[in-house]
Amino acid sequence: MQYNALGKMGLSVSALGFGAAPLGGPYGQVTQAEATQAVRVALDLGINFFDTSPWYQASEEVLGEALVGVARESYVLCTKLGRYPSTEKPSGEFDFSAARVRQSIDNSLCRLKTDQLDIALCHDIEFAEDFSQILDETLPTLRECVAAGKVRFVGVSGLPLAIYPKVLDQTPLDVILSYCHTSLNDNSLWDLIPYLDEKSVGVIGASPLAMGLFSDTGPQPWHPAPEVLRLACLDALAWCKENGFSLAELAVAWTLQNAPVATTLVGMTNEAQVRQNSAVVGTLPDPQAINAIQAILAPVQRLTWPSGKFH
Ligand code: NAD
């Protein structure tokens, strides 16, 4: 495994990070036994960064259970606040208020069976009703949690890249998490790296499979990508099948090789995926296959989808 410094926090994180969203079931049900096995094998293979959220249904509880008995100092734990499952709204409930932040952090500590979170991120801040609440209420409350010793470092996550300068021009952050912008068809996060470096922010990249667009079975029905992007990815998948490649493996390898981030979070549901993804760390994906896929994806380069109020 390779390790990188995450910003200026003094944290050394594995180049491949464990995205625990799938442990909550969005890509199909995962049993506790499968999850525990995946997490334990990940640790054995040197993965030391785990990311979850209350938004990911049972993910925090399942991850907390999987980590029982593992030395706390041997892994870096990141969770989020502000976005929660809702029975009424498929996109979830958003609450970035001070009271909910405090309650959310306490709930996460309980579900993750720990007394300190390494990183707490405001989850998908582009959905905040009033963006100034993030600056004036959510982040100051999180900093109180830092002062109380419940959290070590704070940051934000979301899809539109415009959210990051919107926050960082006003207030410092330890870390940001950007997703679906370090993948085969969209590397737009890279343009923002000089700015983020100037702000001394740690950068977590997530979703090299673009939340399943580059999986070997195609995306889930809930995937928000526009049809033209879904179809282009299915064409890339067909090319891989005809030519004996795993699109998922190429996608993970390409991002790990190229993305200028400290860690890349891949959502993993089982031991086999952990082993497959760990095996490509430090390897070069087949250049001809990458050229062929990027030619197929050329018409949909940097095509993304709406999320919240910033685009
Ligand atoms: P992803 O792009 O990592 O893809 C996950 C999918 O790929 C799952 O179906 C998984 O089973 C499959 N997969 C993984 N490895 C595979 C392999 N070797 N072969 C075949 N299939 C494989 O999407 P993701 O899980 O949504 O994103 C990664 C992580 O990043 C999340 O788990 C979460 O921790 C984080 N994330 C955060 C935000 C946010 O903060 N807003 C958004 C997206 C993701």
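## Ligand shell and salt bridges

The shell around the ligand is made up of 15 nonpolar, 10 polar and 3 charged residues. Please keep in mind that this is a predicted model.

**Around the ligand**

- Of the 28 residues around the ligand, the nearest are Tyr-27, Asp-51, Asp-124, Gly-267 and Gln-276.
- Asp-124 uses its side chain here: one of its N or O atoms sits 2.6 Å from a nitrogen atom of the ligand.
- Gly-267 takes part through its backbone, with an N or O atom 2.8 Å from an oxygen atom of the ligand.
- On its own the ligand has 830 Å² of accessible area, and the protein covers 93% of that.
- Strands and helices contribute too: β10 (175-179), β12 (263-267) and α9 (271-279) are the elements that give two or more residues to the shell.

**Glu-60 and Arg-111**

- The side chains of Glu-60 and Arg-111 form a salt bridge, with 2.8 Å from N to O.
- This pair links distant parts of the chain, 51 residues apart: Glu-60 belongs to helix α2 (residues 59-66) and Arg-111 to helix α3 (residues 98-111).
- Glu-60 counts as buried because its relative accessibility is 1%, under the 20% cut-off.
- Arg-111, in contrast, counts as partly exposed at 26% relative accessibility.

- Arg-72 and Asp-118 form a salt bridge in which the closest N and O atoms are 2.9 Å apart.
- Arg-72 lies in the loop between α2 and β5 (76-81), while Asp-118 is in strand β8 (residues 117-122), so their pairing ties together parts that are 46 residues apart in sequence.
- A network of salt bridges links Arg-72, Asp-118 and Arg-152.

**Lys-309 and Glu-129**

- Lys-309 and Glu-129 also meet through their side chains in a salt bridge, at 3.6 Å from N to O.
- How many residues apart are Lys-309 and Glu-129? They are 180 residues apart, with Lys-309 in the segment after α10 (287-297) and Glu-129 in the loop between β8 and α4 (131-147).
- Lys-309 is partly exposed, with a relative accessible area of 47%.
- Glu-129 counts as exposed because its relative accessibility is 69%, over the 50% cut-off.

Key: Residues are numbered from 1 along each chain as its sequence is written. This is a predicted model: local features need pLDDT of at least 70, side-chain atom pairs count only at pLDDT 80 or more; totals for chains, interfaces and linings use all residues. Side-chain values use heavy atoms; hydrogens and water are left out. A residue is near a molecule or strand if one of its heavy atoms lies within 4 Å of it. A polar contact is a pair of N or O atoms within 3.5 Å; within protein, one must be able to donate a hydrogen and the other to accept it, and residues adjacent in sequence count only if both atoms are side-chain atoms. Accessible areas come from the Shrake-Rupley method with a 1.4 Å probe; for residues, only the protein chains shown count as cover. Helices (H or I, at least four residues) and strands (E, at least two) are DSSP runs, numbered from the N terminus. Ala, Val, Leu, Ile, Met, Phe, Trp, Tyr, Cys and Pro count as nonpolar, Asp, Glu, Lys and Arg as charged, and the others, Gly among them, as polar. A salt bridge is a side-chain nitrogen of Lys or Arg within 4 Å of a carboxyl oxygen of Asp or Glu. Buried means under 20% relative accessible area, exposed over 50%, partly exposed in between (1.4 Å probe, protein chains only).
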